[in-house]
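Please work through the exercises below with the sequence and the structure side by side, and try each task before reading its solution.

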Amino acid sequence: MEDREILAGSVLFRDLEPEEVVPLLGGRQEEYPANRVVIQEGERVDRLEVLLSGAMRAVRLDADGSEFLYQQLFPGYLVAGEVACTPRRTSPYSVCTLERCTTWSVPVDRLSDPALPAELRLALLGNLLHFVSNQNIRKYYKIDALSVKSARQRILKYLTAQAGRSGSTTFTIPFDRETMANYLCLNRSVLSHTLKELEGEGVLTFRKNRFTLFPEKLSGQHTG
């Protein structure tokens with residue numbers, strides 16, 4: 001997919017034409033190798049950066065080497081965009097590349113530059129508000145899943161939310177098994193064992209990161 005198609009699919013350019021807007025904004029492309037820390041926890045984020053290729057993850061890195069996964073980022077995502085919208089712009093997490101990545105970035109203050117047409121400024125700032133709102137809802141779903149204690153309840157809450165977001169009982173999630181375990185704060189073996197139990201009970205089926213839920217079986221499960 002071409003860069004302009006990725007930008008057009010990004011929330012920042014919602015209802016806008018990137019080929020018309022990018023020349024007005026300026027900005028530049030950045031390239032990062034695999035396994036590079038792009039944003040360090042505590043770093044100031046003064047730019048908006050759209051991921052064009054590759055994959056990243058937003059994590060909190062602990063002193064013992066373990067990590068807590070906040071979000072996995074794919075082409076079209078704004079990298080730490082909600083951080084750039086805060087008054088202090090200080091990142092509470094680190095962002096790392098999983099593979100070689102390319103981004104397009106622009107200083108966040110450029111979006112409110114009086115030199116830009118007023119309608120464009122309003123559209124861009126409205127799109128940022130839309131992005132931040134979506135991020136808040138995404139974090140709500142994670143908090144909701146982590147609020148329950150048992151692995152079974154946590155998994156079902158997460159998968160039910162993903163089904164709701166996709167509008168289908170068959171859907172894919174953006175995680176492999178290890179990453180899913182990290183995201184749900186579960187041991188990988190516990191996650192795998194519980195998924196097999198749920199599959200054996202007819203609650204769901206899965207293959208890699210593609211799941212199907214069976215609502216008639218879910219009705220008898222406790223997810224709260």
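This is a predicted model: local features need pLDDT of at least 70, side-chain atom pairs count only at pLDDT 80 or more; totals for chains, interfaces and linings use all residues.

Residues are numbered from 1 along each chain as its sequence is written, and side-chain values use heavy atoms, with hydrogens and water left out.

**Exercise 1.** Describe the largest pocket by its space and its lining.

Step 1. The largest pocket holds about 370 Å³ of space. Its lining is made by 19 residues, of which Tyr 70, Glu 82, Tyr 93, Gln 135 and Lys 139 are the closest to the centre. On a 1 Å grid over the protein atoms alone, a pocket is an open set of points where a 1.4 Å probe fits, with protein on both sides within 12 Å along at least five of seven lines, and lining residues have an atom within 4 Å of a point. The volume is the space filled by probe spheres set on the points, which are joined across faces, edges and corners.

Step 2. Strand 5 (67-73), helix 3 (81-84) and helix 4 (118-146) are the elements that give two or more residues to this lining, and helix 4 provides the largest share, seven residues. Helices (H or I, at least four residues) and strands (E, at least two) are DSSP runs, numbered from the N terminus.

**Exercise 2.** Classify the ring pair of Tyr 158 and Tyr 183, and that of Phe 171 and Phe 211.

Step 1. Among the ten aromatic pairs in the structure, Tyr 158 and Tyr 183 have ring centres 5.6 Å apart and planes at 55 degrees, so this pair is tilted. Rings of Phe, Tyr and Trp (its six-membered ring) pair if their centres lie within 6.5 Å, and planes under 30 degrees apart count as stacked, over 60 as edge-to-face and the rest as tilted. Tyr 158 belongs to helix 5 and Tyr 183 to helix 6, 25 residues apart.

Step 2. Tyr 158 counts as buried because its relative accessibility is 5%, where buried means under 20% relative accessible area, exposed over 50% and partly exposed in between (1.4 Å probe, protein chains only).

Step 3. For Phe 171 and Phe 211 the centres are 6.2 Å apart and the planes at 15 degrees, so the pair is stacked. Both of these Phe residues are buried.

**Exercise 3.** Which ring lies under the charged end of Lys 142?

The charged end of Lys 142 sits over the ring of Tyr 183, 4.1 Å from its centre; the criterion is NZ of Lys or CZ of Arg within 6 Å of the ring centre and within 35 degrees of the ring normal.
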